[in-house]
Amino acid sequence: MTLAPGPSSLQTIRQFLKDPLQMFVDAQIQWGDVVRFAAMGYELYQVTAPDLAQEVLTHPQFEMSVSMDHPFVGHGLANNTGESWKNQRRLMQPHFHQRAV
């Protein structure tokens, strides 16, 4: 299995502490549409291509494993599972419609 490319753990931590939003922008430019961030025992994947994001958000094969229970992260659409994820996804569905995007 090949892992998605991405910055080293040290780079991730440094960039996140400096400017978290810019870290994600820079990662997409440098590493592409799927980027793997790994730091402090956690892995986070950034998916920016619309077709890939749709696949991740809707295909049952890609059920996300959530082990990050931290007040900063919370339990949003991107890091939730099960019924809670389904409820949040239903609430967000209108915003993913082509007319809204």
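Setting aside neighbours within four places in sequence, T12 touches P7, M23, F37, A38 and A39. This is a predicted model, so please keep that in mind. T12 itself is found in helix α1, residues 9–18. Is T12 buried or exposed? Its relative accessible area is 8%, and the cut-off for buried is under 20%, so T12 is buried.

The structure holds 1 aromatic pair. F24 and F37 form that pair, and the arrangement is edge-to-face, with 5.3 Å from centre to centre and 80° between the planes. Where do the two partners sit in the chain? F24 is in helix α2, residues 20–31, while F37 is in strand β1, residues 34–39. They are 13 residues apart, and the pair links distant parts of the chain.

F24 has 28% relative accessibility and counts as partly exposed. F37 has 3% and counts as buried.

Next, the strand that carries F37. In β1, 5 of the 6 residues are buried, so the strand is largely enclosed by the rest of the structure. What does β1 join to? Its partner is strand β2, residues 42–47, through 6 bridges, and the two strands run antiparallel.

Last, the turn. The hairpin of β1 and β2 has 2 residues between the strands, and M40 in this hairpin takes a positive phi near 55°.

Note on methods
Residues are numbered from 1 along each chain as its sequence is written. This is a predicted model: local features need pLDDT of at least 70, side-chain atom pairs count only at pLDDT 80 or more; totals for chains, interfaces and linings use all residues. Side-chain values use heavy atoms; hydrogens and water are left out. Rings of Phe, Tyr and Trp (its six-membered ring) pair if their centres lie within 6.5 Å; planes under 30 degrees apart count as stacked, over 60 as edge-to-face and the rest as tilted. Helices (H or I, at least four residues) and strands (E, at least two) are DSSP runs, numbered from the N terminus. Buried means under 20% relative accessible area, exposed over 50%, partly exposed in between (1.4 Å probe, protein chains only). Two strands pair if DSSP finds at least two bridges between them. Contact means heavy atoms within 4.5 Å.
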